[in-house]
Amino acid sequence: MSDSTVKNQTPDAPVKERRRLLTVTSSPHLRSPETTTGIMLDVIIALSPSLIAAICVFGWRTLLVTCVTVATCVVSEYLSRKIMRRDNTISDLSAVVTGILLAFNLPVTIPLWMAAIGSVVAIVVVKQFFGGIGCNFINPALVGRIVLMMSFPTAMSSWAVPLAWRSGSAVTAATPMAQLSSVLDAGVSAQSLNAAGLPSLTEMLLGVRGGSLGEVCALTLILGGLYLIIRRVISPAIPLCYIGTVAVIMLIAGKGNFTFMAYELLGGGLLLGAIFMATDYTTSPLTFKGKIIYAVGCGLVTALIRLFGNMPEGVSFSIILMNILVPHIEKLTAPRPFGRRREKRIRQKKNEEAAEHA
């Protein structure tokens, strides 16, 4: 603090004012009005159109599954932090977001008790065991989905026919991703795409197709992503690079067939993962270069699993894998500390002078 600052404080100034001026705090000195609760609220608003679309496509059981996952996540966080004697954080809405994202990764036909198990795993095992919000190194909702997929494969692969709930039927059918696998086996062509019985691209865009609750309506996912970008909650770098990488690889794999590429982009959980889960603050890089590397890696792994793996979808595994690599990506892309290059030059000059004297 300069002398002028001290001199300007007269003895008659209020004690609180003098203390405020003399207080020196640690960085950061720039503060933002944004809070965790506000950011999570923006994410919930961005997810709301997709939830409404899922209710229209799969019926009111969509809302029941979502309520179970959200309620279980909130209760699990409250109880676990109570047992661990930590301050409770359910008011920051992060548990609510995790519950919604987990529900969006589940089929509407899943038994409710299974959805509750996935919620407990996501909150207690993945999030709270590592310290809570900001400390988990992988996405909780995706781990919950993978645990359920490995534990209950039949329940996690029963996809309801869209709009079948209106007639009261419980018919299941294959997802577009499973149909695209047959296209790859037969060789990508206009004939194989027609023979696969795929929904039209318009139906893919609007969500009139089988799949998880939150992945079907591409239009609402895109609108939610635009809302988050406008609100500056997320950076467009990760979604654009992730989706762009998958687009390029699928265009090459499809031998220039843009229709095949469009189905790959609109199908599965690519948009949901790229916009809402790969952009998670805690599990994604902070640097711009790191975001690019991370997103390209997600896209590359997703495309490889879809093209060569036994599963038609690879978004969950690709994001989890890249989450694990984030510390290494950040280490490689960390900005150079101020003055480091000059220090190196000075050290090199001293070594040269010492060599000359020797």
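Tutor: Start with the surface of this predicted model. The protein exposes about 19100 Å², and carbon and sulfur atoms supply 64% of that area.

Student: How many helices and strands does the protein have?

Tutor: There are 17 helices and 0 strands. To see how the chain folds back on itself, look at contacts between residues at least 6 apart in sequence: 73% of these join residues at least 24 apart.

Student: Which residues of helix H13 are buried?

Tutor: Helix H13 covers residues 258-266 and is mostly covered, with 7 of its 9 residues buried. The buried ones are Phe260, Met261, Ala262, Tyr263, Glu264, Leu265 and Leu266.

Student: What is found at the start of H13, and what follows the helix?

Tutor: At the start, a side-chain oxygen of Asn257 comes to within 3.0 Å of the backbone nitrogen of Thr259. After the helix comes Gly268, with a positive phi near 65°.

Student: Is Arg85 buried or exposed, and why?

Tutor: Arg85 counts as exposed because its relative accessibility is 81%, and the cut-off for that class is over 50%.

Student: Now the open spaces. How much space lies in the largest pocket, and which residues are closest to its centre?

Tutor: A pocket is an open space, whereas a cavity is one that the probe cannot leave. The largest pocket holds about 460 Å³ of space. It is lined by 24 residues, and those closest to the centre are Met40, Val97, Asp280, Tyr281 and Thr282.

Student: Which helices supply at least two residues of that lining, and how does the lining divide by class?

Tutor: Helix H3 (36-58), helix H5 (94-104), helix H7 (140-151) and helix H14 (270-277) each supply at least two residues. By class, the lining of the largest pocket has 14 nonpolar, 8 polar and 2 charged residues.

Student: How much space lies in the second largest pocket, and which residues are closest to its centre?

Tutor: That pocket has about 330 Å³ of space. Of its 18 lining residues, Arg145, Met149, Trp159, Pro312 and Glu313 are the closest to the centre. H7, helix H8 (176-186) and helix H16 (315-333) each supply at least two residues of the lining, and H7 gives the most, with 3 residues. The classes in the lining of the second largest pocket are 10 nonpolar, 5 polar and 3 charged.

Student: How many cavities of 30 Å³ or more are there, and what lines the largest cavity?

Tutor: The count is 1 cavity of 30 Å³ or more, and the largest cavity has about 50 Å³ of space. Its lining consists of Asn105, Arg145, Glu215, Gly269, Leu272, Met277, Glu313, Val315 and Ser316. H14 and H16 each supply at least two residues of this lining, which has 3 nonpolar, 3 polar and 3 charged residues.

Key. Residues numbered from 1 in each chain as written. Predicted model: local features only at pLDDT ≥ 70, side-chain atom pairs only at ≥ 80, totals over all residues. Heavy atoms only, no water. 1 Å grid on protein atoms, 1.4 Å probe; cavity = no way out; pocket = protein on both sides within 12 Å on 5 of 7 lines; lining within 4 Å. Points joined across faces, edges and corners; volume = space filled by probe spheres on them. Helix = DSSP H or I, 4+ residues; strand = E, 2+ residues; numbered from the N terminus. Nonpolar A, V, L, I, M, F, W, Y, C, P; charged D, E, K, R; others polar. Buried < 20%, exposed > 50% of the residue type's maximum accessible area, 1.4 Å probe, protein only. Polar contact = N/O pair within 3.5 Å; in protein donor to acceptor, adjacent residues only side chain to side chain. Contact = heavy atoms within 4.5 Å. Areas by Shrake-Rupley, 256 points an atom, 1.4 Å probe, with all protein chains shown as cover.
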